[in-house]
Amino acid sequence: MFREMMKKFLTAISIFTAVAGWSQVDGDHSKFKQLGTQLPTPNTYRTASGAPGHEYWQQKADYVMKIELDDDLQRVRGYETITYTNNSPDALQYLWLQLDQNVRALDSDSYLIEQSTMDSRMDFGSVLGMEPWFDGGFKLEEVKDGSGKDLKYTVNKTMMRIDLPAALKPGAKTTFSIKWWYNVNDRMKVGGRSGYEFFEEDGNYLYTIAQFYPRMVVYCDNEGWQHKQFLGRGEFTLNFGDYNVSITVPSDHIVASTGVLQNPNDVLTATEKKRFDQAKNADQPVIIVTEEEAREKEKNRQKGRKTWVFKAENVRDFAFASSRKFIWDAMGVEVGKNRPLAMSFYPKEGNPLWEQYSTKAVAQTLKTYSKFTIDYSYPVAISVHSKWIGMEYPMICFNGGRPEPDGTYSERTRTGMISVIIHEVGHNFFPMIINSDERQWTWMDEGLNTFCQYLTEKEFDRNYPTRRGPARNITEYMGGDKSKISPIMTNSESIYQFGNNAYGKPATALNILRETVMGRELFDHAFKEYARRWAFKHPTPADFFRTMEDASAVDLDWFWWGWFYSNDHVDMGLKKVRWFQMDTKNPQEEMAFNKAQDEAKPADISLERDKQYIVQTMLEADPSLNDFYTTRNKYEVLSLDTQEFERYMGELTDEERRLIESSKQFYEVTVENLGGLVMPLIFKFTYVDGTEEIRKIPVEVWRMSEKTITKVFITEKEVESIALDPYMEIADVDMSNNNWPPVQQPTRFELFKQRQGGSEENEMQRYNRSQK
């Protein structure tokens, strides 16, 4: 008997789940499975909470450098002394250094791995670019230990191994020196993150110099030596350390650099020094080198030399810019207890945009990023203008955004310039302070930084035309060809659609976490805690994932799986909506309801046409055929009906009676998951009286059924329409199936005449022409 009952019970459950659209979910393959062994095992260096462990360690590399910039040969010469401290528990038999300039050596793999094709018509640049022609690799002249003896070393493309005479024990230091030079690349022809721009009109150069010295490879607890070759895309993994750098340049050059200028009296005029000191306490930019002064230097190039000395503490890298063309302005910025200098260096070609916007964009970036992460603790933040670039280093970045020669500019140029300045200055936080491994995981700095850029742009201008961050802006990418979409958790060198994958999608994911999944309060606290925990340390993806959960008590494993480990997209659809009302058993109400329902039905087409063809029915001709059933009013309420209703109501409890009398409306809503990503559900109910209501369902509604869910919503009023994701906050790629009843949107197309030559005016030029 018991066996038969269980059989019937299991059969009923099977039928119920089939009807409801549920599917059996394998716990090992569920969208809600825990990350588990996908993340590295916690240990004493990195805890399960996402915080550094009590035995966390990291290496330190200090540099003393003497650098010479040759403005005639466009060449950098350098001599560096590196002091390397082994804070690891391991004895090191050798050291690895990065030779990033070797990416431009004639035998570099970066040329060999690029695909190329031919066509019947080819431009010179495409053909010349098929083979390397510029020799930009390091030329090493000596590698010596602290006593001046030669050290044995081996160069493997962009990496160099120095074999130590004796193992470097835990807690010990070693000092060695390297002498080198290399040819600086013309960025306008060769490209690159650094290099020079030549201004043919006045015969001057603007140098943005980075990756210019052999740098220590990171040795860490989770990777050992991180010496993955530099192929040009995956950026840098670097140690913190202190820098003392002397930079010798033409005497009329102005130098912008990582760190604090140590000898202003030696390199600045008395007027420049006075203005520089004023800028430290100014709340508006102070011009230190004016445009007129820069123009004069362009004409009268000096042949002498000056040495600028900079010191920087606890930074992971060093970069500088140098030119006689520089205009220079600066202002102080209140950031917590600190007052760093926001500064801009730009040629006259950058005006009027740069003088108006650059330094103020730097200042806003420091304020907003500090609010959402940690207070900016470095003494300066610099924006340098160089055409067609956006690149970041500690305390300094190189940014594009150039007006037309007549001083006008398009809105795209203006907002593009402001955005790139915010983005590159923001990199001071990610990865310059929160020092992730760029060579492995581009998203950890670019994605988090793009998210904070989005927050900053909103605080810069409420109506700022932000590109990345809003969920609606990522849908075209996420709904595209899956063979060309990589999961975010893909190594930097193997990513399809680099910008969307490493910048746009992670920034959008964080915005969705903040606005829709976690809420601002929980998200902001957790994100700030991640920044606090890992400031001036080396975080990994696992540290970020774990911290966000640890500081919020929100299980986000489903989110990391879907958004970071898969290339699924969001596509939720309202498959079906059924409207129910309670049968009140009240004969007066039910008969009136039935009558209204019947009268609302469309007429039977056959009966309507019969009125023309059937002149008289038999019943009409012979009334004797009528009886009770042909003459009764089927909507009439009988006394017996009333008695039965009263008896029914008398048997109900007070709670049951209130429910019957409440006139509640019931809407059974079925949602299907067409894209694969599970997400919380947001519904907007619009009622017939014009009022609206938002109802949110947590993502866990999908935990037992990942394809289709059905849920009943009880309302006090009749619903006119239901919209799923009404504010486009979950990145749904297809909104056409998100409304009940369905809503059709027209698609517009443009008519045009073929344009014959010429360039398109920007809006400012068009406006100026209209005023003439």
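The dialogue below goes through some features of a predicted model.

Biologist: What should I know before reading the model?

Modeller: The model is predicted: local features need pLDDT of at least 70, side-chain atom pairs count only at pLDDT 80 or more, and totals for chains, interfaces and linings use all residues. Residues are numbered from 1 along each chain as its sequence is written, and side-chain values use heavy atoms, with hydrogens and water left out.

Biologist: How many helices and strands does the chain have?

Modeller: Both are DSSP runs numbered from the N terminus, helices being H or I of at least four residues and strands E of at least two. This chain has 22 helices and 30 strands.

Biologist: What is the radius of gyration of the chain?

Modeller: The radius is taken over C-alpha atoms, and the globule rule is 2.2 Å times the number of residues to the power 0.38. For 772 residues a compact globule would come near 28 Å, but the chain has 35 Å. Its C-alpha trace spans about 125 × 80 × 60 Å along the principal axes.

Biologist: In what order do the strands of the open sheet lie?

Modeller: Two strands pair if DSSP finds at least two bridges between them. Here four strands form an open sheet with antiparallel pairing, in the order β5-β6-β3-β10. Its edge strands, β5 (152-156) and β10 (215-216), each pair on one side only. Within the sheet, β3 (residues 92-98) and β6 (residues 159-168) are joined by six bridges, and Y94 stands opposite D163 in β6.

Biologist: Is strand β8 mostly covered or mostly uncovered?

Modeller: A residue is buried under 20% relative accessible area, exposed over 50%, and partly exposed in between (1.4 Å probe, protein chains only). Strand β8 (residues 195-199) is mostly covered, with four of its five residues buried. Across the chain, 50% of the 772 residues count as buried.

Biologist: Which strand is joined to β8?

Modeller: Five bridges join β8 to β9 (residues 204-209), and the two run antiparallel. F199 has N204 in β9 as its bridge partner. Four residues lie between the strands of this hairpin, where G203 takes a positive phi near 75°.

Biologist: Why does K297 count as buried?

Modeller: K297 is classed as buried because its relative accessible area is 17%. The residue is found in helix α7 (residues 291-299).

Biologist: Which residues is K297 in contact with?

Modeller: Contact means heavy atoms within 4.5 Å. Leaving aside neighbours within four places in sequence, K297 is in contact with D252, I254, E272 and R324. For contacts in the chain between residues at least 6 apart in sequence, 75% join residues at least 24 apart.
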